[in-house]
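Thanks for coming. I will take one chain and go from its overall layout down to a single residue. Please have a look at it before I start.

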Amino acid sequence: PSMACKHIDRREADVAFQRRARALERDLRVEAAIEAYRGALALDPECVGALEALKRLLARPPERPQGASAASSSAGSISSAGQVTGGTTTAEQRAHWLLDVLIHEIDIEADPTRRVRLRLRLADLLGGALGRLDEAITTLRTAQSEAPPELEVDVLAALADAFERADDPAS
């Protein structure tokens with residue numbers, strides 16, 4: 001190995017990714033900010049700041065470059081690290097990335113109340129933007145089995161809504 005290579009501490013790199021992402025976000029470079037937060041999360045899978053920022057940014061509709069048509073504003077390729085390598089993301093790509101972020105956060109969340117709230121948000125995404133109502137209902141059933149008393153009504157209401165949509169032939 002070359003002596004010119006300097007070992008970079010993972011925590012320092014994580015902080016650098018987050019600092020860069022915040023600067024990009026301030027400059028309204030949302031796509032690049034998403035990429036930087038994803039990089040921070042790759043270094044530290046439990047980085048709450050990156051998780052929260054990704055949930056917020058990925059929930060936004062993608063912006064099209066001025067003058068771009070729907071057909072020409074397709075996303076660039078995604079690297080093996082899951083990063084955008086050019087172009088803008090589509091609403092569907094963002095929904096899938098948000099799905100991954102929510103699933104990841106549920107997996108690492110220890111607080112049962114927060115985990116149920118995350119499952120409610122996941123079910124909303126699955127049944128809404130992704131059109132996967134059966135998976136949304138399964139997610140809500142899991143939330144129901146974990147729900148603390150203060151969330152039981154919210155979970156039951158979401159389940160009732162999902163069943164109603166499943167029974168509606170127009171959905």
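First, the ground rules. This is a predicted model, in which local features need pLDDT of at least 70 and side-chain atom pairs count only at pLDDT 80 or more, while totals for chains, interfaces and linings use all residues. Residues are numbered from 1 along each chain as its sequence is written, and side-chain values use heavy atoms, with hydrogens and water left out.

Now the layout. The chain has 7 helices and 0 strands; helices (H or I, at least four residues) and strands (E, at least two) are DSSP runs, numbered from the N terminus. Of the 171 residues, 39% count as buried, where buried means under 20% relative accessible area, exposed over 50% and partly exposed in between, with a 1.4 Å probe and protein chains only.

Next, the core. A nonpolar core is a set of buried Ala, Val, Leu, Ile, Met, Phe, Trp, Tyr and Cys residues joined through side-chain atoms within 4.5 Å. The largest one has 42 residues, and I34, Y37, L54, L58 and L125 have the most contacts inside it. Each of the helices 1 to 7 supplies at least two residues of this core, and helix 2 gives the most, with 8 residues. Leaving aside residues up to four places away in sequence, I34 touches L54, L57, L58, R94 and W97; contact means heavy atoms within 4.5 Å.

Then the helix pair. How are helix 4 and helix 5 packed? Their angle is about 160 degrees and their axes are 10 Å apart. Axes are lines fitted to C-alpha atoms, for helices over the stretch in contact, and angles run from 0 to 180 degrees between N-to-C directions. Helix 4 and helix 5 are therefore roughly antiparallel; angles over 145 degrees count as that, under 35 as roughly parallel, 65 to 115 as roughly perpendicular and the rest as oblique. Among the residues that meet are L98 and L102 in helix 4, and L118 and L122 in helix 5.

Last, the loop residue. A147 is found between helix 6 (133-146) and helix 7 (152-167). Is A147 buried or exposed? A147 is buried, because its relative accessible area is 13%. A147 touches V116, E152 and V155, not counting residues up to four places away in sequence. A147 and R117 are 30 residues apart in sequence and 8.9 Å apart in space, C-alpha to C-alpha.
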